[in-house]
Each structure stands twice: as C-alpha cells, then as structure tokens.
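Here's a protein model to look at together.

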Amino acid sequence: MIQIAPSILSANFAKIEDAAKIAEEAGADLLHIDIMDGHFVPNLTFGPQLVAALKKITSLPLDVHLMVENPRFFIPLFHEAGADMISIHLEASTHLHKDITLIKEFNKKAGVALNPATPIHLMHDILKELDFILLMTVNPGWGGQEFIESCHSKISQLKNWIQGQKLQIPIEIDGGVKLENMEELIMDGTEILVAGSSIFGEKNPRETIQKMKEIVKKFEKS
Ligand code: DX5
Ligand code: ZN
C-alpha cells in the first residue's frame, strides 16, 4: 500500500489546523510532523504539545519524525502526545535496539531514519525489528530542498535487501518529493511519500494531494 504523508513543516504555522484538515479531506494517509531540536539539526520546530493538539482535530495517523539528540528522552513524551509512528535517527541513537524496543513497547510503529550519507548496512542487526524505515533524501533540517538524485539507487538497494530477507518493511522517503518524481520513487520501492513544500508551498495543497493520490492509484491498479 502506497501512502501520502503531507509534512506540516511547510504549512503556515499560524494555520496548522487548516493544513491538517486539508490533508485529511484531500485523502492523505498520514500526517508527517518534523520534530527538530536545534542540536541534531540547526532548526527548531515543534514539541509534544503540538502533536497532542493535532491528535484532537484529525483522525489521520500522526507520523512523528524525531530529528533530535537523545531520542530516548523524547520517545515517551511523543507517545503520550498521541504519535502513531515514531522514527528516530540512527545517527542520534547510542542504544538503537533499546530505543526501538521502547517505541514498540508503547505499541507505536517504530522506524529508523537515515541521513543521505548513512549507509543502509548499518541497519543490519536491527532490520527485523523495524516497522518502517525512513530514508532522508535531503539533509534534514529544512523543507524545500532538492532531492539528492543518488538516493534512487539507495532506495532500490534497500528494497531488494528487505525482499531478500522475506520481510515487509515499508520504506518512507523524506525530502524533495514532488508530483514529478513520485512515480520513479514508487518504482524504486517507496511506500510512504512525505511531501512538504510540494504540497503546502503550492497555491492549492488540496489539489496537489489529490493528484498525488491519482498517481498512487495507477500503481495500485497495475
Ligand atoms: C526535512 C524534513 C522533511 C521536510 C520535507 O528535514 O524531515 O519532512 O518536511 O520537506 P520537502 O518535502 O519540502 O522536501
Ligand atoms: Zn521529516
């Protein structure tokens, strides 16, 4: 199942409720929420209070992407706030197995996120534990950056590895996703497409989500 996850990082922060409602009404599958701590990445965004507020106004599953140092400290806070999926960066977690286990103990979907230059083989000893894998296709920190083209082969290599292990772990792609490159990303093996600026930076976010869903439908029919 291929899913569209609009990222509210590119929404008007004074109107986040509107953005969440537009995403839901237009048929998005998830709502992607980027948590940045000003340390792991230079930017600073939202805390658990925003996640808790969104939980009250949308029925979309909340996909919380933690771009933070010391993710173990934050996992319980975002669990309590109502996150449905929590991804932590491999580069930021000293005890990755312990942190992934903690997310799963909270009955949340647990994902590992990788920066563009982090090799996929570093997930070797954790792969089977994962509910999803987030590959960054820009350097984390900001929306609106260009997709790093060399990531296409990384996605297909990861897809082959997962299939070779007879596992079913969706690959989530984050950064530079737009209508124009979606099809190629799906063919590479992407199942969750995060899109920020290509949705909320456009004049008509609703229409863009609907167009994305149309593209997804083509693949689901074939
Ligand atoms: C970047 C964030 C992304 C961001 C993507 O660090 O993790 O989720 O919202 O933005 P776009 O889609 O504009 O590249
Ligand atoms: Zn993200």
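Q: Where is lysine 166, and what makes it count as exposed?
A: Lysine 166 sits in the loop between helix 5 (151-164) and strand 7 (171-174); helices (H or I, at least four residues) and strands (E, at least two) are DSSP runs, numbered from the N terminus. Exposed means over 50% relative accessible area, buried under 20% and partly exposed in between (1.4 Å probe, protein chains only). Lysine 166 has 75%, so it's exposed.

By the way, this is a predicted model: local features need pLDDT of at least 70, side-chain atom pairs count only at pLDDT 80 or more, and totals for chains, interfaces and linings use all residues. Residues are numbered from 1 along each chain as its sequence is written, and side-chain values use heavy atoms, leaving out hydrogens and water.

Q: How do you know that asparagine 107 is exposed?
A: Its relative accessible area is 70%, so asparagine 107 is called exposed. You'll find asparagine 107 in the loop between helix 4 (96-105) and strand 5 (109-114).

Q: Why are helix 1 and helix 2 called oblique to each other?
A: The axes of helix 1 (residues 16-26) and helix 2 (residues 48-57) come within 10 Å and cross at roughly 45 degrees. Under 35 degrees counts as roughly parallel, over 145 as roughly antiparallel, 65 to 115 as roughly perpendicular and the rest as oblique. So helix 1 and helix 2 are oblique.

How values were computed
Chains lettered and ligands numbered in written order. Axes fitted to C-alpha atoms, helices over the stretch in contact; angles between N-to-C directions.
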